[in-house]
Amino acid sequence: MNKQLVLDSRIEALLDRLYALSSSQSEEMMSYFTARAEAGDIDWNAFDAAANQFLSDKLVALDREKAEFCYQVCRALRAKRVVEAGTSFGVSTLFLAAAVRDNIRADGGQGIVIGTEYEPEKAKAARANFAEAGLSDLIELREGDLRETLADVRAPIDFVLIDIWTPMARPALELIAPRLRAGAVVICDNTAQFRDSYRG
Ligand SMILES: C[S@@+](CC[C@H](N)C(=O)[O-])C[C@H]1O[C@@H](n2cnc3c(N)ncnc32)[C@H](O)[C@@H]1O
């Protein structure tokens, strides 16, 4: 893995472990979705119960290069209020919280990353990871469906990462858009790969 950005050793050790786990699941994910796609049996706009069950313990972590890019954008924006739709085990959240922490170190004040995740076991794992990284104080993880958990996010929001099953991207954006500050940045993952599903 090509690291352009090196965070503190405590976080890097955890990230190495989480990315190794994520890679170890890639082949299984590829086989599962390839088989279902070949059988004409998968709807990318609405996962069925079997697909949701299959994904319930998968990290599906944001690629390191993309997560580093999000860190750098948050630093450039001096972001202190960040929202993430789709937290899973919290890999991308660690980069966002590290950026908020470093912005606070530079400029003072307070900050928060609001994440959301509807799989209880993933949320539990994410909380353990945040504690291990020493970043829990900067992360508010809201458990449940984002259409409810993000309904009362307060303005102003500086940066948003949408890294979620594509049908949820628009509902997330609709909830958060009115709370974005002027000049805020929103990043969505996989918009080229899932162009059709993102059409809405
Ligand atoms: C691509 S993964 C997020 C990966 C994470 N950003 C990372 O880098 O580690 C998307 C996550 O969104 C969660 N999710 C999907 N639909 C959701 C919804 N309606 N509300 C909350 N979480 C949801 C899934 O359980 C999954 O863990």
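The model is predicted. Asp-137 sits in the loop between H5 and E3. Its C-alpha lies 9.4 Å from that of Gly-111, although the two residues are 26 apart in sequence.

Gly-144 is found in another loop, between strand E3 (139–143) and helix H6 (146–149). Is Gly-144 buried or partly exposed? Gly-144 counts as partly exposed, because it has 13 C-beta neighbours inside 10 Å. Leaving out residues up to four places away in sequence, Gly-144 touches Tyr-118 and Thr-149. Pro-120 is 24 residues from Gly-144 along the chain, and their C-alpha atoms are separated by 8.1 Å.

The table sets out the two C-alpha pairs.

| Pair | Apart in sequence | C-alpha to C-alpha |
|---|---|---|
| Asp-137 and Gly-111 | 26 residues | 9.4 Å |
| Gly-144 and Pro-120 | 24 residues | 8.1 Å |

Now the core. In soluble globular proteins, nonpolar side chains tend to be buried together. Here, the largest nonpolar core has 46 residues. Which residues have the most contacts inside it? They are Cys-74, Leu-94, Leu-96, Ala-97 and Val-100. Helix H4 gives the most to this core, with 8 residues. Val-100 touches Cys-74, Ala-79, Lys-80, Val-82, Gly-111, Val-113 and Leu-138, with residues up to four places away in sequence not counted.

Next, a pair of helices. Two packed helices are described by the angle between their axes and the distance between the axes. Helix H1 covers residues 9–38 and helix H5 covers residues 120–133. Their axes come within 8 Å and cross at roughly 150°. That makes H1 roughly antiparallel to H5, because angles over 145 degrees count that way. H1 makes the contact with Arg-10, Ile-11, Leu-14 and Leu-18. H5 makes it with Asn-129, Glu-132 and Ala-133. By class, this contact has 4 nonpolar, 1 polar and 2 charged residues.

Terms used
Residues numbered from 1 in each chain as written. Predicted model: local features only at pLDDT ≥ 70, side-chain atom pairs only at ≥ 80, totals over all residues. Axes fitted to C-alpha atoms, helices over the stretch in contact; angles between N-to-C directions. Helix = DSSP H or I, 4+ residues; strand = E, 2+ residues; numbered from the N terminus. Parallel < 35°, antiparallel > 145°, perpendicular 65-115°, else oblique. Contact = placed C-beta atoms within 7 Å. Nonpolar A, V, L, I, M, F, W, Y, C, P; charged D, E, K, R; others polar. Core = buried A, V, L, I, M, F, W, Y, C linked by C-beta atoms within 7 Å. Buried ≥ 20, exposed ≤ 12 C-beta atoms within 10 Å, placed from the backbone.
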